[in-house]
Amino acid sequence: MPSPLRSASEHPMRGVRSNIVQSIRAYRTEELMAAAHHLGQHFLYANLAHALTKQDVLELIATQFLFPAHFGKNFDALYDCLTDPLHRAGPQPGFIVVLDQIPATVKFDKEAREQLLDIFRDAADYWAERKIAFRCFYSFL
């Protein structure tokens with residue numbers, strides 16, 4: 001088992017803005033999951049390594065985030081699922097989200113990747129207005 005990047009007493013979210021979308025860089029998914037548990041926040045993880053298209057990306061996110069069956073598989077529906085239904089479900093403790101291995105393919109190019117990340121930035125802003133933490137970490141394939 002690899003050694004942790006941080007000591008147990010050092011909280012991985014210390015110094016990380018409460019509403020941000022950033023590269024995963026020095027964090028490990030396991031650390032982020034443990035931090036979410038420690039903070040009592042939702043942990044959402046999507047491994048997108050097998051996605052080739054926008055539809056693949058949206059389908060994998062919907063499946064791995066447990067979105068409802070009626071999810072529309074478009075960016076507007078993604079934003080809606082990250083915000084409105086959760087807000088209506090009652091008080092939220094916060095979110096730590098990991099988008100692992102966002103693809104870089106001909107059918108999911110730089111523009112599509114930026115649009116995807118913009119949705120998560122918009123969701124972070126939405127939750128910031130409600131004073132609820134929403135931290136999203138991503139990596140590219």
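Predicted model: local features only at pLDDT ≥ 70, side-chain atom pairs only at ≥ 80, totals over all residues.
Local features are given where pLDDT is at least 70 and side-chain atom pairs where pLDDT is 80 or more, while totals for chains, interfaces and linings use all residues. Residues are numbered from 1 along each chain as its sequence is written, and side-chain values use heavy atoms, with hydrogens and water left out.

Helices (H or I, at least four residues) and strands (E, at least two) are DSSP runs numbered from the N terminus, and two strands pair if DSSP finds at least two bridges between them. Strands of a sheet pair through backbone hydrogen bonds, either parallel or antiparallel. Here four strands form an open sheet in the order E1-E4-E3-E2, and the pairing is parallel. Strand E1 (19–23) and strand E2 (42–47) are at the edges with a single partner strand each, so one side of each has no neighbour in the sheet. On average, neighbouring strands of this sheet are turned by 10 degrees against each other, direction ignored. Angles are taken between N-to-C directions and run from 0 to 180 degrees, with axes fitted as lines to C-alpha atoms, for helices over the stretch in contact.

Strand E3 (residues 95–102) and strand E4 (residues 134–140) run parallel and are joined by six bridges. Ile102 has Phe140 in E4 as its bridge partner. Helix H2 (residues 54–64) lies across E2 and E3 and runs at about 145 degrees to E2.

Strand E4 also holds Arg135. Arg135 is buried but has no salt bridge, and Asp125, the nearest side chain of opposite charge, is 13 Å away. Buried means under 20% relative accessible area, exposed over 50%, and partly exposed in between (1.4 Å probe, protein chains only). For charge, Lys and Arg count as positive and Asp and Glu as negative, while His and the chain ends are not counted. A salt bridge is a side-chain nitrogen of Lys or Arg within 4 Å of a carboxyl oxygen of Asp or Glu. The side chain of Arg135 instead reaches backbone oxygens: that of Val16 at 3.4 Å and that of Arg17 at 3.1 Å. Leaving aside residues up to four places away in sequence, Arg135 touches several others, including Met13, Ile20, Leu39 and Phe95; contact means heavy atoms within 4.5 Å.

Side chains of opposite charge can pair when their charged atoms come close. The count of salt bridges is three. Arg121 forms one with Glu114, with the closest N and O atoms 3.4 Å apart, and another with Asp118, with the closest N and O atoms 2.8 Å apart. Because Arg121 and Asp118 are three residues apart in helix H5 (residues 110–129), about one helical turn separates them. Arg121 is partly exposed, at 28% relative accessible area, as is Glu114 at 35% and Asp118 at 36%. A further salt bridge joins the side chains of Glu129 and Arg130 (3.5 Å, N to O). Glu129 is exposed at 62%, and Arg130 is partly exposed at 30%.

Back in helix H2 is Gln64, which is partly exposed at 30% relative accessibility. A polar atom of the Gln64 side chain lies 2.7 Å from the backbone nitrogen of Asn47. A polar contact is a pair of N or O atoms within 3.5 Å; within protein, one must be able to donate a hydrogen and the other to accept it, and residues adjacent in sequence count only if both atoms are side-chain atoms.
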